[in-house]
Amino acid sequence: MIRQLFLLAMAAAAPQAVWAAPAQPWTADLGDGHYRNPVLHADYSDPDAIRVGDMFYMTSSSFSNAPGLPLLQSSDMVNWELVGHALPQLSPAQFFAVPQPGKGVWAPALRHHDGKFWIFYPDPDVGIYVMTAEKFAGPWSAPRLILAGKGIIDPAPLWDDDGKAWLLHGWAKSRSGINNILTLRSMAPDGSRLLDEKGRDIINGDKLPGYFTIEGPKLHKAHGYYYVFAPAGGVENGWQAVFRSRSIEGPYEDRIVMAQGMSAVNGPHQGAWVDGIDGRDWFYHFQDKGAYGRVVHLQPMRWKDGWPVIGEDKDGDGVGEPVLRHAKPAGRDRGVQVPATTDEFSGKALGLQWQWNANYLSSWASLTARPGYLRLPAQPMAGGANLRETPSVLTQKFPAPVFGADASITLGGTRDAAGGADGQRAGLVVLGIRYAWVGLRREGKAAQLVRAVCEAPPPDKCAERSEVMATVPAATAYLRVRVDADAMAQFSYSLDNKTFIPAGQPFKAGVGRWVGAQLGLFSTVPATAAAKNAWADIDYFRITP
């Protein structure tokens with residue numbers, strides 16, 4: 001907000017026209033005391049949220065992007081700002097030095113206990129890690145592995161009234177050979193280690209009629225019961241279940257408390273029960289929207305006969321369905337806030353919205369080489385490789401169902417007499433398992449405006465097909481993509497920033513591995529090039545409605 005006010009003030013004082021930030025492409029706060037869902041129309045998958053005092057905090061899975069574990073905060077449960085990331089680099093560092101789609105940070109748990117913030121997160125190929133921080137925005141401690149094992153996912157800690165501590169987790173069948181089971185472990189109260197060798201399976205979905213893929217648990221104690229909030233039925237079409245027992249080790253009763261019903265919200269499940277500052281209860285959950293990722297909804301929650309009812313229970317059967325509009329929760333009004341998207345590259349650091357395609361090096365980007373620009377030194381790219389396999393792609397999430405993205409890119413560098421920088425490329429990409437980009441490519445003494453796609457099967461190893469759209473005398477181009485409600489992305493370009501020309505046919509944006517499509521910037525040079533002192537200067541990256 002401060003940065004936006006600064007930009008607007010500069011625009012008012014400048015003698016010539018200066019770009020001013022437009023309205024955001026998606027805001028949940030309707031300005032009349034109500035909000036609309038999703039409250040976050042971006043890929044904050046597997047959210048967990050808590051209240052501490054009069055503030056609300058959230059984190060989510062981040063898979064193999066770095067930095068990971070986004071940190072969001074809100075004063076009213078509807079308007080969220082991104083304040084950092086808990087995990088600067090993924091561990092093991094060398095393994096995540098290259099993209100590892102679908103691996104890395106799966107569904108985390110966020111808690112506040114003993115005066116500290118805690119994040120427990122799983123790596124399905126390694127085990128469960130724990131991190132702590134005195135302040136939510138950090139710094140966070142380095143991740144500590146407290147439970148090693150393949151396929152151990154979705155941790156949920158609980159510190160009980162008697163001083164004991166517990167950790168509940170699920171299983172990924174792709175790694176462990178089992179799923180649909182929740183296992184309880186005894187944990188040291190300081191979160192440093194587990195106290196048992198095996199644990200006990202307290203919920204087995206295979207023994208419950210109609211249940212499959214029980215995962216993502218959250219463990220609570222209230223009203224004299226232990227409650228396990230757990231989704232089931234799969235990501236796209238699942239439901240939210242709750243289990244309760246007088247004893248933490250069971251046996252547990254079960255009930256479905258929210259499902260799609262007659263609503264338009266598919267698979268409403270997996271998230272967080274949060275108590276409001278006025279004592280009312282709420283529930284955050286995600287919805288899988290394909291290319292847009294797993295967006296976050298906020299539902300009212302009430303209690304009936306010792307069971308939560310989430311959303312709107314139209315027929316009184318105890319199973320709610322999602323609401324799309326509702327009165328806002330109680331909270332402090334700090335105005336409309338959304339996670340950052342636009343970046344003018346005028347600060348000392350990249351905007352918090354940016355994540356790299358893998359663990360990153362500081363040499364991949366500079367904001368001081370040319371003040372007011374982001375310089376991306378061209379990173380060597382092996383022949384036959386594609387952008388999904390390239391660590392140095394700088395990405396951010398799709399921010400809305402309909403939006404635009406604009407960037408200004410200039411190629412720079414020194415070329416030897418043999419034209420050693422031939423093949424240098426930089427551009428704006430819509431990245432997923434399938435992807436497309438528009439940008440500049442150096443060939444001889446000329447810069448070409450190129451559109452490329454990578455979608456022929458098999459997509460994981462697809463080869464790019466490119467088409468030259470124009471020759472660019474000054475090696476500068478203005479790039480644009482417009483995404484419509486069906487995730488159709490139309491690229492265009494301009495050489496004067498006035499007249500934009502469509503670049504090929506619309507491209508259907510698609511998912512990544514467990515993530516939605518991403519917007520990205522990249523700068524590469526062939527690994528075989530004789531001269532590699534090349535770069536791209538990005539003047540701005542702007543998101544518009």
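Modeller: Buried means under 20% relative accessible area. In this predicted model, both F345 and W354 are buried, so each falls under 20%.

Colleague: Why do F345 and W354 count as an aromatic pair, and what makes the pair stacked?

Modeller: Their ring centres are 6.4 Å apart, and the limit is within 6.5 Å. The planes make an angle of 25°; stacked requires under 30 degrees, so the term applies.

Colleague: Why is the pair of Y211 and F243 called tilted?

Modeller: The centres lie 5.9 Å apart, with 50° between the planes. Y211 and F243 are buried.

Colleague: What makes this a link between distant parts of the chain?

Modeller: Y211 is in the loop between β13 (200-204) and β14 (218-222), whereas F243 is in strand β16 (residues 239-245). The two are 32 residues apart.

Colleague: How do you know that R36 lies over the face of W26?

Modeller: R36 is at 3.5 Å from the ring centre, and the cut-off is within 6 Å, together with an angle within 35 degrees of the ring normal. R480 over F500 is another case, 3.7 Å from the ring centre.

Colleague: Why are β18 (269-275) and β21 (307-310) edge strands?

Modeller: The open sheet has 4 strands in the order β18-β19-β20-β21, paired antiparallel. β18 and β21 each have a single partner strand, so one side of each has no neighbour in the sheet.

Colleague: How do you know that β20 (residues 294-304) and β21 pair?

Modeller: They share 4 bridges in the antiparallel sense, and pairing takes at least two, so they qualify. M301 stands opposite I310 in β21.

Definitions and conventions
Residues numbered from 1 in each chain as written. Predicted model: local features only at pLDDT ≥ 70, side-chain atom pairs only at ≥ 80, totals over all residues. Heavy atoms only, no water. Phe/Tyr/Trp six-rings, centres within 6.5 Å; stacked < 30°, edge-to-face > 60°. Buried < 20%, exposed > 50% of the residue type's maximum accessible area, 1.4 Å probe, protein only.
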